[in-house]
Amino acid sequence: MGVREWLMLVALALVWGGSFFCNELALTTLPPLTVVLGRVGLAAIVLTAIVYGRGERLPTDAATWGLLLVMGLLNNVTPFGLIVWGQSRIDSGLASILNATTPLATVLLAHWLTADEKLTRGKVAGVVFGLAGVAVLIGPAALSDIGQDLAGQLAVLAAAVSYALAGIHGRRLRRLPPLTAAAGMLIGATVLLVPAVALLEPNAWRNFDAVSLAGVVGLALPCTALAYGLYFAILRAAGATNLLLVTFLIPVSAILLGAGVLGERLEPTAFAGMAFIALGLAAVDGRLAAWLGGACRSAWRAQRSGRGRRAGA
């Protein structure tokens with residue numbers, strides 16, 4: 001990836017890192033599915049207005065809308081629902097680690113389902129480094145609950161697989177401008193969620209307060225409308241595997257935001273975790289192998305040069 005793509009990836013991680021705080025606000029008086037519907041519905045309205053304000057148009061053919069509905073199902077409805085249900089049964093720290101398996105699922109699935117994102121040793125090493133970094137960053141104690149609630153853990157893992165499939169499926173939408181693709185996906189997710197909320201949470205909006213409303217607006221505007229514009233721009237330029245490295249960066253951004261905004265103390269393990277994540281990102285991107293190769297070549301040349309001088313003497 002180039003500098004522009006890396007900057008967009010970091011920006012996406014910062015935006016999504018703040019979604020945890022907005023979720024807490026929204027859930028004070030609103031149930032989960034209603035929060036998700038408010039998030040994607042409001043974001044869909046805003047992005048659609050922006051698309052038309054820019055002189056663009058939403059697609060009109062049934063085939064493209066079919067792709068967008070599947071994208072909304074894979075990238076919004078399914079993972080959001082699974083993660084909310086899973087986090088009702090397991091701790092958030094363990095859920096974050098399990099969610100960070102998304103790049104691993106993407107690397108494996110992309111190898112089988114795409115022609116140009118094949119598995120390499122660098123990608124595998126990068127995913128391993130990244131997962132280790134997330135585990136260290138969040139804390140080893142989060143791993144102590146593994147195996148205690150298998151259903152909740154499988155739900156979060158299934159959400160990671162759904163995100164991976166969404167990243168791969170989204171490649172089919174690369175011909176659309178990023179904001180148009182994001183608006184269409186969110187419209188599709190809204191269409192799918194409306195009947196579910198009407199059936200399961202019909203009276204949810206009657207008791208909401210200003211705090212929950214602020215949380216939903218925060219989720220909808222920066223954490224969804226802005227975020228998915230970046231998402232499709234990165235997907236278009238860098239591919240599914242590089243895009244979903246963002247799941248390694250989200251815990252980093254959340255912890256740094258907590259330290260910078262709320263004055264929370266950074267533990268030494270946080271810096272170790274960030275270092276592992278940086279190594280993982282460099283390995284997947286190919287930079288780590290290039291650096292190591294360059295260092296080895298320089299050392300070999302220096303060694304040969306030293307031998308030549310000794311031989312000449």
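How are H4 and H9 oriented to each other, roughly parallel or roughly perpendicular? In this predicted model, helix H4 (residues 62-87) packs against helix H9 (residues 178-200) at an angle of about 70°, and the two axes are 7 Å apart. Angles of 65 to 115 degrees count as roughly perpendicular, and H4 and H9 are therefore roughly perpendicular to each other.

The contact between these helices involves residues from both sides. H4 contributes Trp65, Leu68, Leu69, Met71, Gly72, Leu73, Asn75, Asn76 and Val77, which meet Ala181, Gly184, Met185, Leu186, Ile187, Gly188, Ala189, Leu192 and Leu193 of H9. Sorted by class, the contact of H4 with H9 holds 13 nonpolar and five polar residues, with no charged residues.

Helix H9 also contains Leu179. The C-alpha atoms of Leu179 and Thr48 lie 8.3 Å apart in space, although 131 residues separate the two in sequence. When neighbours within four places in sequence are left aside, Leu179 is in contact with Leu47, Ile50, Val51, Arg54 and Gly229.

H10 bends by about 30° at Ala227. At the N-terminal end, H10 is capped by Asp209, with a side-chain oxygen 3.2 Å from the backbone nitrogen of Val211. Just after H10, Gly239 has a positive phi of about 90°.

How values were computed:
Residues numbered from 1 in each chain as written. Predicted model: local features only at pLDDT ≥ 70, side-chain atom pairs only at ≥ 80, totals over all residues. Heavy atoms only, no water. Axes fitted to C-alpha atoms, helices over the stretch in contact; angles between N-to-C directions. Helix = DSSP H or I, 4+ residues; strand = E, 2+ residues; numbered from the N terminus. Parallel < 35°, antiparallel > 145°, perpendicular 65-115°, else oblique. Contact = heavy atoms within 4.5 Å. Nonpolar A, V, L, I, M, F, W, Y, C, P; charged D, E, K, R; others polar. Bend = angle between axes of the 7 residues up to and from the residue. Polar contact = N/O pair within 3.5 Å; in protein donor to acceptor, adjacent residues only side chain to side chain.
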